[in-house]
Amino acid sequence: MKQIAHSINNWLKLRVIEIQEFVIFMANVARGLYRKPRYWHDFFDHMDIMGVGSIPIVLIAGGCIGALITLETLAELRTFGANVLLGKLTGLSIIRGTGPVFTAMIVSTRVCSSAAAELGAMQVSQQIDALVTMGVDPFRKLITPRIAAGTLMFPALATVNGIAAILTGALVAQLSGTMSLPFFLNQSLSGITPGDVLWGLTKSTVFGFIVVSTACYYGLRVQGGTAGVRAAASQAAVACVLLILISNSIMTTLVHAF
Amino acid sequence: MISLKNINFFSDDAQHILKNITFDIPDAKVTAIIGASGSGKTTLLRIIAGLYEPTSGEIWIDGQNLATLPKTKQQVRSKMAIVFQHGALFDSLTVWENVAFPLYEQGTMPLSKVREEAEKLLEMVDLHGVADLSIDQCSGGMQMRIAIARALASYPEVILYDEPSSGLDPIARGLICDLIQKQQIQQRMTSVLVTHQLSAAFQISNHFIFLYEGEIIFEGTADELMEAKDPYIQRFIQPPSRSYRTTDFVPL
Ligand SMILES: Nc1ncnc2c1ncn2[C@@H]1O[C@H](COP(=O)(O)OP(=O)(O)OP(=O)(O)O)[C@@H](O)[C@H]1O
Ligand SMILES: [Mg+2]
């Protein structure tokens, strides 16, 4: 019993230390934002790698999700004979709900472990120390551009994902003979308010920020060779997915509570 | 001059890695830090370079106590460059981009001239026609020389070498030693050479610090080192017994 209490105590202590480290990490990132030099070149590079590089999988995922949601919604609506609402309901659930979350999940599989592994390998091979001795702040050079790029690219990708999902949904509606493609599109677009779009984009921005900063945090604290890099990559991947789900629940609860 | 006074360093897991380290690094000379694997040489170098904070003790550079001037610290340290044990080259960049990196960062040189300067530095370390290779296309000896070129690119006054010749063949090792010596003579650079290869150290240095389990057990010249009474040092500097060879030794 004592031992269990002891190990819980240790576990808690480690988590508190981790949170403390993360806060210091984020303070360093924030400092990198308003101090010169700024690494625009790295920033655009990461926008390209995270953003443009993710477009194909985001499109494919968007198509699948759009088709799936349309079919499921249709089956549900048919039991009530409310088929006409298909476009509106599908559009809303993509823009407010599934779109941002699925996009974040999918993009994080590309971005999260790769960023953690890359930074971890740089740490292990002393490249980060080399930067420091050259007077380069590794936060400003490596972390801030990544987080800024991720925070901007996630909402952009969620938009791409949403468009792909709604278009596929419309196609499915037409093919299933429920409604014509233009009617579906018209209905879903008129059902979505600017508030819904803003809400979806806000969530994506938060996910982008969380995913990339978590990945960078795990990457930068790597110690102990290849095993450390491996551990960091898998910890980062798990943490990213969990944090997306948890923050999504918190944000959704908050927005419905107020 | 760099002076270390009573430097102690404890690792995160509370091991006493450096014990009361006190010595001076004279200007424009090569100081060799020797000792067995795990004796704390790299740790000491990282403390000098500012990558680790010593647990206690002081580092004075040109009469300034580093601990008392947090802001200007960067400035003093920017005159220092370090060549890491395994090069620590940026593997996402090409050879010339690695060498050019400090030049870009300093931003004092027009971008059009940077490549030219990087190639000049590569020539200096006897590398020709490799500017556009990626780092993993280079051999260990080449990587070491690229790392030296990168360190020289920031025009340091002090350069710290961590085992620059370990794992290299005797010819490549000789090349690196010549290079260090050339820098020291031509640029009057202060060099600190960490190594466990005595032959390299004897070739280019006459100021030796001997570390044993985190403690300095000897400081002095090459001759003094050869005559040291400490049995551990004697064992370290004795060349390996070659008696098995004497039978096929043919005098000329
Ligand atoms: N970050 C660290 N945390 C804990 N222990 C460390 C750390 N860095 C080094 N050590 C320990 O400190 C001691 C000295 O290590 P150091 O790397 O300075 O040795 P070295 O003399 O450079 O050895 P080598 O010749 O093999 O490079 C070793 O026992 C090592 O295990
Ligand atoms: Mg070492």
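Seven residues, Val238(A), Leu242(A), Leu243(A), Ile246(A), Ile250(A), Leu254(A) and Phe258(A), make up a nonpolar surface patch with about 710 Å² of accessible area together. This is a predicted model, in which local features need pLDDT of at least 70 and side-chain atom pairs count only at pLDDT 80 or more, while totals for chains, interfaces and linings use all residues. Residues are numbered from 1 along each chain as its sequence is written, and side-chain values use heavy atoms, without hydrogens and water.

**The patch**
- Nonpolar side chains (Val, Leu, Ile, Met, Phe, Trp, Tyr) are joined within 5 Å if their residues have over 30% relative accessible area and no salt bridge.
- Leu254(A) lies in helix α9 (residues 225-257) of chain A.
- Leu254(A) is partly exposed at 45% relative accessible area (buried is under 20%, exposed over 50%, partly exposed in between, with a 1.4 Å probe and protein chains only).

- Thr42(B) belongs to helix α1 (residues 41-49) of chain B and Gln85(B) to the loop between β6 (80-83) and α3 (95-106) of chain B, so the pair ties together parts 43 residues apart in sequence.

**Thr73(A)**
- Thr73(A), in helix α3 (residues 55-80) of chain A, is buried, with a relative accessible area of 17%.
- Not counting residues up to four places away in sequence, Thr73(A) touches Leu86(A), Leu89(A) and Thr90(A) (contact means heavy atoms within 4.5 Å).

**Confidence**
- Chain A has a mean pLDDT of 90 (the predictor's confidence in each residue, from 0 to 100).

Conventions. Chains are lettered from A and ligands numbered from 1 in the order in which they are written. Patches are made of residues with over 30% relative accessible area and no salt bridge: like charges are joined within 9 Å, nonpolar side chains (Val, Leu, Ile, Met, Phe, Trp, Tyr) within 5 Å. Accessible areas come from the Shrake-Rupley method with a 1.4 Å probe; for residues, only the protein chains shown count as cover. A salt bridge is a side-chain nitrogen of Lys or Arg within 4 Å of a carboxyl oxygen of Asp or Glu. Helices (H or I, at least four residues) and strands (E, at least two) are DSSP runs, numbered from the N terminus.
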